[in-house]
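Q: Hi! Could you walk me through this model, starting with how its helices cross?
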Amino acid sequence: MSTDTDSAPRTSPRYSAQWFFDLLQPVLRHDLPASLVVFLVALPLSLGIAVASGAPVAAGLVAAVVGGIVGGALGGSVLQVSGPAAGLTVVVASTISQFGWATTCFITVAAGVLQVMFGLSRIARAALGIAPVVVHAMLAGIGITIALQQIHVLLGGSAHSTAWRNVVELPGQLLHSHGPAVLIGVTVIAILLGWRYLPARVRVVPGPLVAVTTATVLSLVLPVDVARIPLNGSLFDDIALPRLPEGNWFAVSVTVLTIALIASVQSLLSAVAVDKMHGGERTDFDRELLGQGAANVLSGLFGGLPVAGVIVRSSANVEAGARSRASAVLHGIWILVFSVALVGLVRQIPTAALAGLLIVIGIQLVKLAHIRLAHRTRDLIIYVVTILAVVFLNLLQGVLIGLALAFGLLLCRVVRAHIVAKPVPDSEFGDSWLVTIEGSCTFLALPKLTSELAKVPEQAVIRLEMSVDFLDHAAYEMIEDWVRRRRNAGGVVEFVELGPVRMAAATAGPPARGHARKAVEEAIGPWRRTAHRVDPVVAGISAYHRGHAHLLRPHLDSLRDQHEADTFFLTCADARIVPNVITNSGPGDLFTVRNVGNLVPVGNSDASVEAALIYALDKLDVRTVVVCGHSACGAMDALHRAVQTGQALGEWLAHARPSLAQFRVGHPVARAAAAAGFDEVDQLAMVNVALQLETLHAHPAVYRGMRERGVAVRGLFFDIATARVIEVTVDGIAQFDDAPSRVAAESV
């Protein structure tokens, strides 16, 4: 049986012409132009890094091609661009000098395999645990090393094998400098340094390309003889197969690990930086290591330099408007086309021009922002020592020394306790001393602790404040013994514990680090009923004396002769409402009145609320009058369900019957609360707050305060389930963090 649909074309709409057009449109519009910009930036950098590494010039181009195509296609960062990196120049140059170029290619392949293993083992994020100051110092050390090497090339000579020799031989090289080479190199440096100050429309063209092109043209126009890039034949003529090392496998293994770690860390840090530059897809760090490893395997097999993610190319890619990984792949294709078709142009580039380019790149790796940050965080010693070790020893030793120093400094900061004993001037107790112990109190702090405690006179009245997050048994015993001896001698020692770790728990088990959240929960958390026969009031007062009394003392001392509350706060008697907590206020701020249902009685049946209100307005000069209801209110529930209560409670709840009547006829606040998802009892509680506001507005004392002093009248509703406070007005409700918009009746 046939139908009309049987004769319809069976081509899938997914692979239609429109589908391909929609797929290619963003690539043609955004990624293609961006790839050309990145190509122009990457070309001179790749050549310069190859020359600085002592590798064949073609090795830099091969690494750029493979890094762009393979790293771009397989990596976990959508917009990162990979290629030969300046951060690997020093270690690669040392590797070539020690093992030769063919074995260096093998080491690159092995490093790539190791990176793939890193990616498969899903440990990529562990590399991000390296202290940033060590990474910054490593890059700065590499930059200084590159600059020291290339300044000899710029002066017409050749770089030496060590940084120390480059420094020592520099004066002699200056005396025998080659004028034309210096002119070419200085021209490149001047263009690169001044490029940022040109108009934006000019800076569309990459500065490195302009600098190298200008220097090359200058060397061809002027009658000068300068050394040029030694490139014989085409790119494919210089492709070399890797060769196994002939011996010293331990040194080879260390070099493989060094290149793999540096390339991985640089790629991951670069990916993190790139993620901060755009709002698109985030980096998959494990996939990034897989992509970088695959790129290094192929680069080494084809005779290329080690590959890593490069922030210079990546930032150019983002700024040029790239949207996908197609840009990085296309940039690699452009370098491949250029290397095959236009190899004659490469041979004309003076080595002094690339030296000038590399000197600027090296100097730019030393960032003032990193130095300032290290100074602010007191990590400058780590920064300086790591740089010196990288420059004058080697990269791996420098990083290891930096990490060891960073770990040692971190250990000192973590385990250090701040201990101070000082007299308290003008104390009402006479010779009074304050001893503060903060931080991690361990056996390492005993010398400092002994020294400070020895300052306290024998007859002094002592307040010992402990705010520690770690307390071992040795420190506990010493403090306990000192306090006991003082008290046995008739001295007064007030013991105050503020931190999350308590003396009483020091012998209950092994020492453990406490957390600030625990201390906060102890301060604001409710009592818990347990099977133990402990009076919670007595226990609570003892905890208050140990932990918080001394914090309140100076505030209360200033208020002992005056009472100037800011707010009259009427709320329910429900124990779950803690006015000072939900308003973040302290002693003396709230003049609090509590009753069942937070009611303002009308008439002469109960004058307690009115008396308190008049006292607060006329005597305390309060500036705000607040009525605060709450969710799951027992009074409102009894009113809503018409529960039969005793005579006294029934007469009291009669003051809330107007609220029930307004709720039943659809008060605007009830409709707004219903729209916000509150149940009927909570809706009634909010209506009740609104009616109490109306009663307060009509009260003569409140009206006079509003007119003469600008007294504000505010309604609140505390939602116990979410611990959030909602504003209630006479006709609606509002979230405080959404003000000034309101959920009013007309919007429901």
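A: A crossing is left-handed if the near helix is turned anticlockwise from the far one by less than a right angle, and right-handed if clockwise. This is a predicted model, where local features need pLDDT of at least 70 and side-chain atom pairs 80 or more, while totals for chains, interfaces and linings use all residues. Residues are numbered from 1 along each chain as its sequence is written, and side-chain values use heavy atoms, without hydrogens or water.

Q: Which hand is the crossing of α3 and α4?
A: Right-handed. Helices here are DSSP runs (H or I, at least four residues), numbered from the N terminus.

Q: And at what angle do the axes of α3 and α4 cross?
A: Roughly 125 degrees, with the axes of α3 (residues 89–99) and α4 (residues 101–120) coming within 7 Å. Axes are lines fitted to C-alpha atoms over the stretch in contact, with angles from 0 to 180 degrees between N-to-C directions. That makes α3 oblique to α4, as angles under 35 degrees count as roughly parallel, over 145 as roughly antiparallel, 65 to 115 as roughly perpendicular and the rest as oblique.

Q: Which residues make the contact?
A: From α3, T95, I96 and F99; from α4, W101, T103, T104 and I107. Contact means heavy atoms within 4.5 Å.

Q: How do the residues of that contact divide by class?
A: Four are nonpolar, three polar and none charged. Ala, Val, Leu, Ile, Met, Phe, Trp, Tyr, Cys and Pro count as nonpolar, Asp, Glu, Lys and Arg as charged, and the others, Gly among them, as polar.

Definitions and conventions:
Helix = DSSP H or I, 4+ residues; strand = E, 2+ residues; numbered from the N terminus.
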